[in-house]
Every structure is written in structure tokens, then in C-alpha cells.
Amino acid sequence: MNGSNITPNIMRFIGLVAVQVLLLNQMTNTVGEYFNVLLYPLFILFLPLQLPTPYVVLLGFAVGFAVDAALGTWGVHASAGAFSGVMRGVAFFPFAPKGGFSAKDPIFAPAHMGWQTFLQGTALFMAFHILWYFTFSYFAPVFGWEIMTKTVTSWIFTMIFVPLYVAMFNPKK
Amino acid sequence: MGKLLQLLLRNGGFVTFLLVEIGCFAIMVNFETRHKEIWANTTGIFGGRALEKRQIAADYFSLYETADSLAHIVDSLQARLSNARQMQVSIRDTFFLVNYDSLSKTDTVRRKTVRPQYEFITAKSIKNAIAGTNNWLIINRGSTDGIQPDMAVVSPEGIVGIVRHVGTNFSLVMSVLHRQAKISVALPNQKNAFGSLIWEGGDPEEMTLRYIPQHFVVKKGEPVVTSGYSLMFPQGHPVGIVKDLPKSDPENPYFLEIKVSLSQDMATVREVAVVRNLFKAELDSLQLKISINER
């Protein structure tokens, strides 16, 4: 990260954590337990592509820990955030150009990749994150059915909200 | 060291992820109530299984000591059983009949305490033979263990033989499968009619019971036990069962000849006990007086 993209990332951190805690989690409590939207992983997704993986992992842990602190789910979101940090490279690998991403593509956003590539990469990234989150949320294999059903429904609802967020803010760096 | 550092740097993301995940796991199982309970339950189950397997292994390696202590317990129980049978005494006076068979009970009428008569010394048969005309065993007990000649040798299943020669650490036992062996046995179903059990050679599973009077109706399958009259074998110890319907003894037509199937398979004798009669000295001196009187 350089000076020009620290501020947007800080804003994204605070904004996504606030939206997650104050709005989206309240919607889950109102609508029902299967209405789960996890938007804060976008912070990890929109981190610079050139950022070394250990930093992505640590920042993923940080955003997850912030959500945990607000919701009282100690360690669960932090664990999912760290996992997404290390799986980001795997999720974006099929969409990387030959030779990998360059400075021409600072972040994984529609402004640089196009909507199709962005949505495909985000779908894969979110699937990793949401599956890990519910696995550790339930913490026992006897809840396998609940984990799978909530992962699917949460992924669907999240993928509805992601394009809305991106269309609204159109992140470029 | 340099190569390790390079490896860490190349896989820095994964290493950082592992360390962070360990931290997250620790936070979850310590601060999340539900996760703490699930973790405690899981560690309890797997910890219990691991401890169980460890105990099975430890029990296996201590089997020798367990078997040894069980052998001592069996001896003690056999001693108590034999002594209990021995001490069943009826005391009768004009007012009441008292039976007592406890080892430690005191008779309040005569103020006498019953005393045990037999002790059992565990031993192992280290050499055995059943194919000869006169068969012997060697056991791993000798004079240092309190063994003396003319002590009976039994097993939990039946009778084995009589000690004849004693060394410091080993003893030679005349097997019941020896032509000179003569064991006093009784038929409990025939009012404890007693006779002599001898081996006539041949079948190592069969011995011959003689001197049971003809008027007894002995049936096939009846139990045969030690009579207690030999002073070596305690009374009531199992010997075998009546193998066939008895015939008239060709040597003495007033008595029966009964084939007895031994309960102890002499081919598989291993764990035995030597019977020490605690009143042997007194009984031997009484027997000596009989011999002196009859001269």
C-alpha cells in the first residue's frame, strides 16, 4: 500500500464494519436466521492486488476481529477474515492475466476487470469466506446440514448486495 | 537457517495464516460459551478414548502380575473352601443342635475357635509326562518354599499327583498316572462311599475306582471327589465323573469296578497348588502309633 490508497482502505474498513454491524446483522435478526449478508469481506477483496499475502491475512483478521468485537462472536469472523486473506490469491488465480496482476490493476474491481470477471471472482471468494464462517460458527460436524443451507442462502443474498455496493461506490483503488 | 528463512518468506502467507488461525481458535474456545462447551466435550471424548487405550496397553503389560495375584487369590479361596468343608462339625446336646463351618466363628457353647487345616502353595508344572507306564511331573517349588514329600498336588480342575522327592527349588511329583498312585476318593451321591482310585495304564484320561461295595447303585456321570481320608488331599476336591455303568470287580466280586473320567486333563497341567496339611506332624505320629500297636 502507498499513501494514495491508505485512506480509501481505512474508509472502506470503517464503513463496511459499520454497515455489517448496524444494518445487515439487524436485518438478519428481523427477517430470519437464513437471511445473512456478509459484506465486510469486500474490504479484503478490495485490498491492493500487489499487497503481500501475510499483510492481507493480517488485515483480514483485523476486519473480522472488529466485527467480532461489535457482535460478541469472538474469533469467528476473525478466523474467516484470515482464511479469506490467504484464499484471495486462489480465488483470483483463474482470472489473473499471464504473468499475474500488474500495477495496471491495483484492485480487483469492475473498473479494471470488467463486471463479468469481477462477479465470477467475487462469487468464488465469497463462497470460501461464507463456508469457513458458518463452519466455525457452528463448530461441530453434526450441524453439517445447517452449515450447508446457511452457506448457500447467505451466498445468494450476499451476491445480491455486492453489485449494489459496487455500483454505488465504484471502487477504483 | 538461511534456507529456513527463505522457506518462511516464500510461504509467508500460509505461515501467517496458520499462526493467526491458532490465535483465533484459542479466542473461540476460551471466550465463546458455545465453542468452549463443544471443545470441552470433544476433548473429553477423545481424551477418554486415548486414556482407555493407554490403560489397555498398561493392563496388557501388567498381565503377569495380575495373573500371579489371581493365582494367590484362588489359592486362598481354595484353602478357605477346603478348610470350611473340613470344619463342618455337628455338636449335639440334649437341648439344641449347632452346626458351624466358619473359619473364624467362635462356638459360644464350648468356647473353641475353629482352625484351618490346609494351606495351598501355588506352583507351575515345568515338566510333565503322560505317555509312560509310570509318569512324573516337575514343579517349580522346593524345600525353600515349604514343600515336603507326601504333599498332595492339585489344580482348580482336579487332582494332579503326590510330591515324592524335594529339591531346594524344584520337586518331583508322582503323577496320578502312575501305577503306584492310590488316591482315596468318594462318591458324594452315594453317601460318600469311598474307595481307591488307581491307574492301570493306557488311557491318560481314565482311572479305575475300586472297593465300592456292590450294593451301591452307581450311575454314569456321577461326580467323584476326594474323600479326605488320605490326609494328603483335602476332602471334596473334584476328581472326575463316572465314565460308564460299573461292573463287578473281577478280582473281588463283592465290590464294583468303576471307570472314572478325570476332570483334570493331565496333558495340559500347568498351574497347580501343593497342599500343606498343617496337622501333618500330629497325624503322622498318630499313624505311627497304629503301626507300633499292630506289630
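Is B:Glu200 buried, partly exposed or exposed, and at what relative accessibility? In this predicted model, B:Glu200 has a relative accessibility of 33% and therefore counts as partly exposed.

**Salt bridges within chain B**

The side chain of B:Glu200 meets that of B:Lys259 in a salt bridge, with 3.4 Å from N to O. This pair links distant parts of the chain, since B:Lys259 lies in strand 16 (residues 255-262) of chain B, whereas B:Glu200 lies in the loop between strand 11 (193-198) and strand 12 (206-213) of chain B, 59 residues apart.

The loop between strand 11 and strand 12 of chain B also holds B:Asp203, whose partner B:Lys243 is found 40 residues away in the loop between strand 14 (238-242) and strand 15 (247-248) of chain B. The closest N and O atoms of B:Asp203 and B:Lys243 are 3.6 Å apart. B:Asp203 is partly exposed, with a relative accessible area of 32%, and B:Lys243, at 29% relative accessibility, counts as partly exposed.

A further salt bridge joins B:Arg210 to B:Asp249, with 2.9 Å between the closest N and O atoms. Here B:Arg210 belongs to strand 12 of chain B, while B:Asp249 sits in the loop between strand 15 and strand 16 of chain B, 39 residues apart. B:Arg210 counts as buried because its relative accessibility is 5%, under the 20% limit, and B:Asp249 counts as buried at 3% relative accessibility. Through shared partners, salt bridges join B:Glu200, B:Arg210, B:Asp249, B:Glu257 and B:Lys259 into one network.

| Salt bridge | N to O distance |
|---|---|
| B:Lys259 and B:Glu200 | 3.4 Å |
| B:Asp203 and B:Lys243 | 3.6 Å |
| B:Arg210 and B:Asp249 | 2.9 Å |

Over all chains, the count comes to eleven salt bridges.

**The contact between chain B and chain A**

Across the interface of chain B and chain A, by contrast, zero salt bridges are found, although five residue pairs, both residues at pLDDT 80 or more, are in polar contact between the two chains. On the side of chain B that touches chain A, helix 2 (12-31) and helix 3 (33-61) of chain B each supply at least two residues, and helix 2 of chain B gives the most, with 13 residues. The residues of this side of chain B divide into eleven nonpolar, four polar and three charged.

The contact as a whole takes 18 residues from chain B and 23 residues from chain A. The area buried between chain B and chain A is about 1,600 Å², and carbon and sulfur atoms give 77% of that area.

Key
Residues are numbered from 1 along each chain as its sequence is written. Chains are lettered from A and ligands numbered from 1 in the order in which they are written. This is a predicted model: local features need pLDDT of at least 70, side-chain atom pairs count only at pLDDT 80 or more; totals for chains, interfaces and linings use all residues. Side-chain values use heavy atoms; hydrogens and water are left out. Contact means heavy atoms within 4.5 Å. Buried area is the accessible area (1.4 Å probe) that two parts lose on being put together, summed over both. A salt bridge is a side-chain nitrogen of Lys or Arg within 4 Å of a carboxyl oxygen of Asp or Glu. A polar contact is a pair of N or O atoms within 3.5 Å; within protein, one must be able to donate a hydrogen and the other to accept it, and residues adjacent in sequence count only if both atoms are side-chain atoms. Helices (H or I, at least four residues) and strands (E, at least two) are DSSP runs, numbered from the N terminus. Ala, Val, Leu, Ile, Met, Phe, Trp, Tyr, Cys and Pro count as nonpolar, Asp, Glu, Lys and Arg as charged, and the others, Gly among them, as polar. Buried means under 20% relative accessible area, exposed over 50%, partly exposed in between (1.4 Å probe, protein chains only).
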